[in-house]
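This report describes helices, ring contacts and charge pairs in one protein model. Please keep the sequence and structure in view while reading.

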Amino acid sequence: MRRQREALFDAMLDGHFFYSRKRIAIALEPDLLYAVTGFLGDMGAEVVAAVSPTQSPVLERLKAATIMVGDHSDVETLARDADLIVSNSHGRQGAARIGVPLHRMGLPMFDRLGAGLRVQVGYRGTRELLCDIGNLFLAREMDHESHEHGHDDHGESHGCGGGSCGCNAV
């Protein structure tokens, strides 16, 4: 147990650089929404939208720019400037339409093999969540580094979003 806790703390220390200033939209059931919103906020991310399919007293305790009872079309609208969407498998179409990466979480999870076998609780589950989302951010930044930094002939930015790689393009 002690080694798992220390591994989680090490991952949090290493990973917080990738979470800092990231804008995340989350659409989950109320209790999971509360837990994930708090965790991502503690890691330094800004939760720009928290969408629940049902009303619950726990929604009053959320720390997010926008909190609402809604559906995935609401998330798609609110996440246009987000760096990540966290949702179940139903979020995949909206995320693809607006070009925002999706981290699948919650139920249903019908488009990933082994989703029901993953550890998602305790120190190990939290560490896995931290690494999975951090790796999404890292992959996006690595893709970002593969193109030219700077602006086109008309002074327009290339729209990659910047991040810890040092690019300030928006």
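Is D111 buried, partly exposed or exposed by relative accessibility? At 22% relative accessibility, D111 counts as partly exposed. Here buried means under 20% relative accessible area, exposed over 50%, and partly exposed in between, with a 1.4 Å probe and protein chains only.

The model is predicted: local features need pLDDT of at least 70, side-chain atom pairs count only at pLDDT 80 or more, and totals for chains, interfaces and linings use all residues. Residues are numbered from 1 along each chain as its sequence is written, and side-chain values use heavy atoms, with hydrogens and water left out.

**Salt bridges**

A salt bridge is a side-chain nitrogen of Lys or Arg within 4 Å of a carboxyl oxygen of Asp or Glu.

| Salt bridge | N to O distance |
|---|---|
| E46 and R23 | 3.4 Å |
| E76 and R97 | 2.9 Å |
| R92 and D111 | 4.0 Å |

The secondary-structure elements named below are DSSP runs, numbered from the N terminus: helices are H or I of at least four residues, and strands are E of at least two.

The salt bridge between E46 and R23 joins strand β2 (residues 46-52), which holds E46, to strand β1 (residues 23-27), which holds R23; the pair therefore ties together parts that are 23 residues apart in sequence. E46 is partly exposed, at 39% relative accessible area, and R23 is also partly exposed, at 29%.

E76 is buried, with a relative accessible area of 12%, whereas R97 is exposed, with 58%.

R92 and D111 meet through their side chains. R92 belongs to helix α4 and D111 to the loop between β5 (102-104) and α5, so this pair connects parts that are 19 residues apart in sequence. R92 is partly exposed, at 28% relative accessibility. R92 and D111 also belong, with R104, to a network of salt bridges.

**Aromatic rings and charges**

Rings of Phe, Tyr and Trp (its six-membered ring) pair if their centres lie within 6.5 Å; planes under 30 degrees apart count as stacked, over 60 as edge-to-face and the rest as tilted. The structure holds one aromatic pair. The ring centres of Y19 and F137 are 5.5 Å apart and the planes stand at 90°, so the pair is edge-to-face. Y19 lies in helix α1 (residues 2-19) and F137 in helix α5 (residues 122-145), and the pair links distant parts of the chain, 118 residues apart. Y19 is buried, at 1% relative accessible area, and F137 is buried, at 4%.

A charge sits over a ring if NZ of Lys or CZ of Arg is within 6 Å of the ring centre and within 35 degrees of the ring normal. The charged end of K22 sits over the ring of F137, 5.4 Å from its centre. The charged end of R61 sits over the ring of Y34, 4.8 Å from its centre.

**Helix α2**

Helix α2 (residues 30-42) has 13 residues. From first C-alpha to last, α2 reaches 18 Å, close to the 18 Å expected at 1.5 Å a residue; the expected span is 1.5 Å times one less than the number of residues. The buried residues of α2 are P30, L33, V36, T37, F39 and L40. Just after α2, G44 takes a positive phi of about 105°.
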